[in-house]
Amino acid sequence: MVATISEVQEEIVNEFEIFDDWMDRYNYLIELSNSLPLIKGEYKSNEYIIKGCQSKVWLNAEFVDGKVVYTADSDAIITKGIISLLIRVLSERSPKEIINAKLDFIDKIGLRENLSPTRANGLLAMIKQMKLYAIAYNAKFGELKN
Amino acid sequence: MQDIDKIRSDFPVLKQKVHGKPLVYFDNGATTQKPECVSDIVHKYYTELNSSIHRGIHLLSGNATEQYEKARETVKDFIGAKSSKEIIFTSGTTGSINLLAFSFGEKYISEGDEIIISEMEHHANIIPWQMLCARKKAVLKVIPFNDNGDLQVDKLDKLINKKTRLISIIHISNTLGTINPVKEIIDKAHQYGIPVCIDAAQSVQHTPVNVQELDCDFLVFSGHKIYGPTGIGVLFGKEKYLNAMPPYQGGGDMVDEVSFNHTTYNSLPFKFEAGTTNYIGAIAMGEAINYIRQIGLEKIAQYENELLDYATKCLLKIDGLTIYGNSTKKSSILSFLIKGIHPLDAGMILDKMGIAVRTGTHCAQPVMQHYSVDGMIRASLSFYNTKQEIDYLCKGIEQVKLMFG
């Protein structure tokens with residue numbers, strides 16, 4: 001059984017609960033940055049860049065067996081850690097699951113400050129772009145698989 | 001600074017903790033904190049004295065008008081203008097430059113004319129001129145700076161020609177900290193009869209500025225960067241230009257007589273202050289100016305220079321740290337990068353340690369392009385900062401290196 005989006009979010013919340021100070025949390029994010037499924041080098045172009053981020057973020061999504069599979073990269077490490085979490089939650093799921101996902105783990109692990117629309121790391125912009133990919137694939141293939 | 005504890009106690013914001021750590025506020029280039037006397041006067045006006053200026057015959061309106069005009073006198077004295085008619089209240093530096101670009105542009109700029117700015121301008125002193133150039137089919141020219149952060153003033157001669165109508169230059173670079181030789185630029189421009197605008201957003205709070213000594217034709221700055229409130233700023237202009245320039249916005253107070261056939265405009269400075277102005281902002285900015293004048297601009301400059309020297313020495317001891325902007329004439333602004341570490345990563349960790357720095361392009365993307373970097377970390381210091389805070393910043397940077405190294 002594949003864990004649901006809520007289950008994975010809960011998992012992440014539990015992982016972060018172990019840390020009582022911010023430094024450990026950020027160190028964990030730095031560690032997580034290494035587990036990011038990296039976007040192919042040729043996609044690290046302006047076409048795949050997410051605007052609204054102070055750091056550069058490239059995101060791609062492919063549609064494989066009815067599931068959206070994300071890859072990404074960033075030049076900032078904490079940003080990479082945050083996208084790796086988003087990908088862990090959202091990647092390899094059906095477009096509908098992604099579109100309907102309520103991402104409450106960000107708040108719960110103390111990264112809410114990164115969610116304000118003007119916050120430079122553009123977490124909101126990333127989530128929006130991930131959902132847009134899901135919407136696009138749903139429009140194109142959704143009736144077949146869902 | 002003689003009594004740093006006393007000065008710090010004037011700024012309530014500085015007493016707080018952020019993320020459980022004492023706040024170290026090093027983002028003064030973006031905006032400065034407000035002394036209690038400034039927030040007190042804002043509160044006092046809204047609770048006791050509020051009334052629209054230049055309108056009513058009643059007591060409150062009369063008082064507010066008097067205080068507003070007194071604030072104009074304060075600004076006039078502060079920058080050494082000849083007359084308070086030369087002082088226009090605007091919404092800030094950006095508002096002032098947009099007013100100037102529109103109004104000066106309407107009067108003096110035609111197709112093929114040229115305007116000169118520099119490579120180290122803040123976007124506020126680039127975009128309004130680009131918009132004007134697009135509107136009038138005029139040409140924008142740029143004085144470059146060298147890698148040290150010094151403006152290449154010797155190249156100005158080649159940029160000036162018969163079509164040059166205006167030079168608009170940043171006094172102190174908000175990114176590099178360079179204090180530009182504006183007097184030299186003004187004197188050179190005046191040899192050709194070209195007026196000069198000085199963007200003093202980063203200078204009036206750090207060093208004495210006198211418009212008559214400089215002989216600049218326009219000068220702009222913001223209230224919120226000079227320990228005053230947001231939403232208020234100043235455009236100084238020589239009367240001969242301001243009189244010739246058309247109004248920027250139409251509305252109440254900027255008129256003499258109005259009929260549906262014809263309207264005549266009010267005289268200076270009211271011609272450029274349409275609508276109900278931010279009079280409480282202006283009055284509070286006057287208070288802020290009085291506050292820093294009481295401490296003394298010379299004393300402020302001297303202490304901030306000490307901080308700059310100390311910070312430069314401390315930062316340069318950190319392995320892999322590069323400071324951008326190393327002019328010998330520099331204000332207390334330090335932009336830097338740590339090798340291999342993204343400024344955003346550094347900024348987020350420093351924030352968690354209670355240190356407020358700016359990261360990103362500092363509204364000066366051409367400066368980033370000059371050095372081929374995507375952004376920088378900037379610490380901009382004020383007279384309420386201390387050497388201990390600089391030590392703590394360095395400790396913070398070591399922590400950042402430890403985490404990302």
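Which strands of chain B does helix α5 (residues 127–136) lie across? I found α5(B) across β5 (114–118), β6 and β7 (164–170) of chain B. The helix runs at about 145° to β6(B). Axes are lines fitted to C-alpha atoms, for helices over the stretch in contact (C-beta atoms, placed from the backbone, within 7 Å). Angles run from 0 to 180 degrees between N-to-C directions.

Provenance: this is a predicted model, where local features need pLDDT of at least 70, side-chain atom pairs count only at pLDDT 80 or more, and totals for chains, interfaces and linings use all residues. Residues are numbered from 1 along each chain as its sequence is written, and chains are lettered from A and ligands numbered from 1 in the order written.

Next, the sheet. I read an open sheet of 7 strands in chain B, ordered β4-β10-β9-β8-β7-β5-β6, with mixed pairing. Its edge strands are β4 and β6 (139–143), each pairing on one side only. The twist averages 20° from one strand to the next. Helices (H or I, at least four residues) and strands (E, at least two) are DSSP runs, numbered from the N terminus; strands pair if DSSP finds at least two bridges between them.

Then I checked β10(B). It pairs antiparallel with β4 (residues 87–90) of chain B over 4 bridges. Ile87(B) stands opposite Phe236(B), and Phe89(B) opposite Val234(B). β9(B) (residues 218–222) also pairs antiparallel with β10(B), over 5 bridges. There, Phe221(B) has Val234(B) as its bridge partner.

Is β10(B) enclosed or open? 5 of the 5 residues of β10(B) (233–237) are buried, so the strand is largely enclosed by the rest of the structure. Buried means 20 or more other C-beta atoms within 10 Å of the residue's own, with C-beta atoms placed from the backbone; exposed is 12 or fewer, partly exposed in between. Gly233(B), Leu235(B) and Gly237(B) sit on one side, Val234(B) and Phe236(B) on the other.

Technical notes: Two residues are in contact if their C-beta atoms, placed from the backbone, lie within 7 Å.
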